[in-house]
Amino acid sequence: MPQDNVTVAATFKAAVYTVSITNSTADKGTVSVNPTEYEKGETVTLIVAPASGQMEVKTLTVKSGDTVIETKKDGANYTFTMPAGDVKVESTFGKIRYALNIVKTTGGTVTADKETYAMNETVTLTIKPDTGYSRGTMVVKNGTKEIETTRSGLVYTFKMPNAAV
C-alpha cells in the first residue's frame, strides 16, 4: 500500500442507440438517416427522398421495441426524439393523390368514380339532371385554369393535373 492516499477517477460515456431503416417501396422513394447512432434525448432527422415529384410518404412507422415513437413533420422530412433503445423505421411511398371538389348545384348531381386521383389518372364524372332539368354546362378548373374535358352523353372525362380540382 502506498504511503499517500490514492485517487481514482473514471469517466463515463452516454449509451448510444441505433436507428435502422427499411424502405419497402425503395423504387418509389426512401427514408434515410445520418448518422445512425444517437444518445437518448437527441433529435433524429429522417430524410425523405421521393423517387419522383409525384411520390409521397404513405406510411412511416418509428418503433423502439413495441413502442411507437411520435414523429413530427419538419418540411419534407420528419424528426423524433431518440429513446433509450434502438429504433426501427419502416416507410412506404406511393403516388400523390389529389382531391376532387364537386360543387353542389341546383337541378342535378355530378358524381365521380373515385374520391382522389393521381396525376394523369383519368377522372370520370357522370351528371344526372333532376326531373324537369337537362344538361347544362360542365366546367373543370385547376385554380383559375380551365381543364379540357371529353364528353360522351352525360359522362365527362379528363386527366387529373398535379393539384386538386
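This is a predicted model: local features need pLDDT of at least 70, side-chain atom pairs count only at pLDDT 80 or more; totals for chains, interfaces and linings use all residues.

**Exercise 1. Is Phe158 buried or exposed, and which residues does Phe158 touch?**

*Step 1.* Begin by locating the residue: Phe158 sits in strand E17, which covers residues 155–159.
*Step 2.* Phe158 has a relative accessible area of 4%. Buried means under 20%, so Phe158 is buried.
*Step 3.* Now turn to the contacts. Leaving out residues up to four places away in sequence, Phe158 touches several residues, including Leu100, Glu121, Val140 and Val165.
*Step 4.* For a distance in the fold, take Thr144: it is 14 residues from Phe158 in sequence, and the two C-alpha atoms are 16 Å apart.

**Exercise 2. Which strands pair with E4?**

*Step 1.* Strand E2 (residues 29–32) pairs with E4 (residues 43–50) in the antiparallel sense, over four bridges. Here Thr30 is found opposite Ala49 of E4.
*Step 2.* Strand E8 (residues 77–81) also pairs with E4, again antiparallel and over four bridges. In this pairing, Thr45 faces Thr79 of E8.

**Exercise 3. What lines the largest pocket?**

*Step 1.* The space in the largest pocket comes to about 650 Å³. Its lining has 26 residues, and those closest to the centre are Ile102, Val103, Thr105, Val110 and Met138.
*Step 2.* Sort the lining by class: 13 residues are nonpolar, nine polar and four charged.
*Step 3.* Look for strands. E11 (108–112) and E13 (122–129) each provide at least two lining residues, and E13 gives the most, with four.

Technical notes
Residues are numbered from 1 along each chain as its sequence is written. Side-chain values use heavy atoms; hydrogens and water are left out. Buried means under 20% relative accessible area, exposed over 50%, partly exposed in between (1.4 Å probe, protein chains only). Contact means heavy atoms within 4.5 Å. On a 1 Å grid over the protein atoms alone, a cavity is a set of points where a 1.4 Å probe fits but cannot get out, and a pocket is an open set with protein on both sides within 12 Å along at least five of seven lines; lining residues have an atom within 4 Å of a point. Grid points are joined across faces, edges and corners, and a volume is the space filled by probe spheres set on the points. Ala, Val, Leu, Ile, Met, Phe, Trp, Tyr, Cys and Pro count as nonpolar, Asp, Glu, Lys and Arg as charged, and the others, Gly among them, as polar. Two strands pair if DSSP finds at least two bridges between them.
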